[in-house]
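Student: I would like to go through the labels attached to this model and check each one against its cut-off. Where do we begin?

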Amino acid sequence: MTTELFDDWVERFETLEVALNQLDAATGDGDHGATMLKGLRAVQLSPEQPAKAFRKAAGGASGSLFSLVIGALDSVMRGRQSLPEALSTAASRITQMGQAVAGDKTMLDALLPAATATTVTDAVTAARAGCLATQAMSARRGRARYVEGAGVGCIDAGATSVAELLEVFEKHWQEDS
Amino acid sequence: MKKLFNSQQRMVDDMISGFVAAYPDQIVKGSNSRVVRRKTLRTKDNKVAVLIGNGSGHEPIAMGFVGHGLLDANVVGDVFTAPSPDLILEGIEEVTGSAGAVLLISRHEGDVINGNAAAMMAQDDDLDVRPLLMYDDISSAPRGQEHERRGAAGTLFIYKILGAAAEAGVALDDLIVLGEAVRARTRTLGAAVSPGVSPINGELMFSLADDEIYIGMGVHGEPGVSRRTVGPVNELVAFMVDELLADRPIESGTPTLVLVNGSGGTTMMELLTIYGEVQSLLDGQGIPCLSPMIGPFSTTQETAGFSISLFTPTEPMLTWWQAPHAAPLFPTIFGEAAV
């Protein structure tokens, strides 16, 4: 059930809020965890479509960009799209809106590898690996690009959130069985 | 965290309520309480609307600059967070008439993404809304890549000049051209001395050694791009003015508007000292200073720091700059002889 997924997303991000804020603080304004949680709580409680509820409640670039990931996973849950289809569509729209590409140290560095995986488990593994790879990258988009050293040495908070959303999603998703 | 709020959930709404309560003849909440607008809109009388959506936490910018001769509305996001496209669209719908609207966007990732999305949604609804990107911070991208720079305090020149021109009946196309011209003539560089406390998480927004100053501090407390050791302020200011003039040289004899903006935790005593140094450096190069703007206008909580903006207005720009306004928290602009 999608509502259980939403509950678990909220629960996971409640435990991650401070850590995500800290990851974000290294290169930005330190609110990424709070923003994700605000959006996910709206997904859990609002009668609106999950993506729209997230976008309106979270605000900021994260609200618009992550709403596409939320919408993609929601549509997979509802059987409207396959995971690779849904994630690829989300990734291309995020690329267009955010003007970012692979290697820019953004959420896309977790999302793009995940979109090429054929199973949910592989997608989670790919997202995790992509997320860790952001540690060595220098930011070319987002606030991190303006920081001394462009964030090299820090894992990107947005990429981390992509991996976490997927990992919780995996628990609720039964592979075609 | 020692901050004077009722709660994190209410802090932005409480601030808006206080502002509206203070200036009931000028300012009201819109149909969405996060849209702060003029009480009396003139946009039904063929006046182009001028508005901006932005994250809160930087007051008085931009909410305080709503009023006759300046902004028609401000769409107020959460602290340091751009409002959603949906909310910006509500603001656009609230104030836009047949003459259209300029949606100002201070160039930061969330503001750009959500502002452009809102403008597209409004255009789909047959509203003539044009986004105008504002950027002036020379530390955020090198010369030649000005369009990659972020918006800083120097964007205030665009607010005021477009606000006054729109009030006088200038049409949408001409306002966009005017705004781009002001942008092309403005440069800003900032420095941070000590961090503010984020109202979101109670943490210091960056860390900096006791004897260090960051150059190129972002308006959201983003750490800077280079460091200098604390010394007499005249050396710091000389360095910053050199950087500004290297980025956009100003010919001797060109009247120049200086904005010394405080980040929230720097005293007027310090800001006036800084202005004095700027003016004497410009005097030394034969650049006459127009009546300046000095104070905390674009802030980042109690962050100590400042920015210097240099703007060389044309004669019409100076006229708009000096035109009267009724925005509660925008300063009085003193006039002077025309350029």
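Tutor: With A:S161, which has a relative accessible area of 0% and is buried. Keep in mind that this is a predicted model.

Student: Why is A:S161 called buried?

Tutor: Buried means under 20% relative accessible area. A:S161 has 0%, so the label applies. A:S161 sits in helix α8 of chain A.

Student: Which residues is A:S161 in contact with, leaving aside its neighbours within four places in sequence?

Tutor: They are A:F13, A:L20, A:H32, A:M36 and A:F66. Contact here means heavy atoms within 4.5 Å. As for A:L111, its C-alpha is 10.0 Å from that of A:S161, and the two are 50 residues apart in sequence.

Student: What makes helix α6 of chain A largely enclosed?

Tutor: Six of the eight residues of α6(A), residues 108–115, are buried, so the rest of the structure largely encloses the helix. The buried ones are A:L108, A:D109, A:A110, A:L111, A:A114 and A:A115. Their cover includes α4, α5, α7 and α8 of chain A.

Student: Why does A:D24 count as buried?

Tutor: Its relative accessible area is 13%, and the limit is under 20%, so A:D24 is buried. A:D24 lies in helix α1 of chain A, and its side chain reaches the backbone nitrogen of A:G30 at 3.0 Å.

Student: How do you know that A:K38 and B:D78 form a salt bridge?

Tutor: The closest N and O atoms of the pair are 2.6 Å apart. The cut-off is 4 Å between a side-chain nitrogen of Lys or Arg and a carboxyl oxygen of Asp or Glu, so the pair qualifies.

Student: Is A:K38 buried or partly exposed?

Tutor: A:K38 is partly exposed, at 32% relative accessible area.

Student: What makes B:R38 and B:D72 a salt bridge, and where do they lie?

Tutor: Their side chains meet at 3.5 Å, N to O, which is within 4 Å. B:R38 is in strand β2 of chain B and B:D72 in the loop between β3 and β4, 34 residues apart, so the pair links distant parts of the chain. B:R38 is buried at 2% relative accessibility, and B:D72 is buried at 0%.

Student: Why is helix α4 of chain B described as mostly covered?

Tutor: Twelve of its twelve residues are buried, and B:E167 is among them. The helix reaches 16 Å from its first C-alpha to its last, close to the 16 Å expected at 1.5 Å a residue. Just after α4(B), B:G169 takes a positive phi of about 100°.

How values were computed. Residues are numbered from 1 along each chain as its sequence is written. Chains are lettered from A and ligands numbered from 1 in the order in which they are written. This is a predicted model: local features need pLDDT of at least 70, side-chain atom pairs count only at pLDDT 80 or more; totals for chains, interfaces and linings use all residues. Side-chain values use heavy atoms; hydrogens and water are left out. Helices (H or I, at least four residues) and strands (E, at least two) are DSSP runs, numbered from the N terminus. The expected span of a helix is 1.5 Å times one less than its number of residues. Buried means under 20% relative accessible area, exposed over 50%, partly exposed in between (1.4 Å probe, protein chains only). A polar contact is a pair of N or O atoms within 3.5 Å; within protein, one must be able to donate a hydrogen and the other to accept it, and residues adjacent in sequence count only if both atoms are side-chain atoms.
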